[in-house]
Amino acid sequence: MTDQLKKNQTKTKDKGIDGKTVEIPNQTEPNKLKWKAKKTDYTLYAVFSGKTGQQVKEAAPGGSGFTLDHYSTEALNAYVVPFNNAFKGREGKIRAIFNDSYEVYGTDFTPKFFEEFQNLRGYDLKKQLPILLNETDGEIGNRIRSDYRQTIGDLLLNKFDKPWTEWAHSKNFKTKLQAHGSPGNLIDLYARRRYS
């Protein structure tokens, strides 16, 4: 994929863009853009990272509020802090913990997504946003969208599911999981569960 993008086989002129990117520096005032285009027309692509607005449906004690960022180990580590305290002294006395079905809608990003994508796929997705967001059926666009979806699935597996399972095992708990509804590879996700 990287070689195809380097050879500029994306035919950006056919899509009405010249393929050049301009990064607008971080603004000091949040939620406001103070920038003026000079000497040409631009198409702006803005990336928003925030909560989905979805609340946890059936929260464990102390777990009410917004859903967790399932693509971030940092978010998971912050989430389990109260459980570390609640389960202290009960290591091995609870048979298993359960991760209910993945019913989190509208989660398609995490603050480190672009960095993770670059590491996993080998190219800068920010420079491909026009192609990613274009719904035209074509080999390059389809490959970029596939890479995007694969990255989301990889992050779910490696930044949430594996660390959650490791956390449970550190307490001598088995894990139960319902992965259906998730954006990941269900076989990989179910393979991580450990119960008997």
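Analyst: Helices and strands here are DSSP runs, numbered from the N terminus. The model is predicted.

User: What is the mean pLDDT of the chain, and which elements have the lowest and the highest mean values?

Analyst: The chain averages a pLDDT of 80, with 85% of its residues at 70 or more. Among the elements, helix H1 (residues 2–6) has the lowest mean, 55, while helix H4 (residues 113–121) has the highest, 96. Over residues 8–17 the pLDDT is below 50. In the model that stretch has 13 contacts beyond near neighbours in sequence.

User: Which elements each supply at least two residues of the lining of the second largest pocket?

Analyst: Helix H2 (73–79), strand E1 (96–99) and helix H6 (139–170) do. H6 gives the most, with five residues.

User: How many residues line that pocket, and which lie nearest its centre?

Analyst: The lining of the second largest pocket has 38 residues, and those nearest the centre are Val56, Tyr79, Phe98, Asn99 and Asp100. By class, the lining holds 22 nonpolar, 11 polar and five charged residues. The space in this pocket is about 1,000 Å³.

User: Where is Gln54 found, and why does Gln54 count as buried or exposed?

Analyst: A residue is buried under 20% relative accessible area and exposed over 50%. Gln54 is found in the loop between H1 and H2. Its relative accessibility is 15%, so Gln54 counts as buried.

User: Which residues is Gln54 in contact with, leaving aside neighbours within four places in sequence?

Analyst: Gln54 is in contact with Gly65, Phe66 and Thr67, and also with Glu103, Val104 and Tyr105.

Key: Residues numbered from 1 in each chain as written. Predicted model: local features only at pLDDT ≥ 70, side-chain atom pairs only at ≥ 80, totals over all residues. Heavy atoms only, no water. pLDDT = per-residue confidence, 0-100. Helix = DSSP H or I, 4+ residues; strand = E, 2+ residues; numbered from the N terminus. Contact = heavy atoms within 4.5 Å. 1 Å grid on protein atoms, 1.4 Å probe; cavity = no way out; pocket = protein on both sides within 12 Å on 5 of 7 lines; lining within 4 Å. Points joined across faces, edges and corners; volume = space filled by probe spheres on them. Nonpolar A, V, L, I, M, F, W, Y, C, P; charged D, E, K, R; others polar. Buried < 20%, exposed > 50% of the residue type's maximum accessible area, 1.4 Å probe, protein only.
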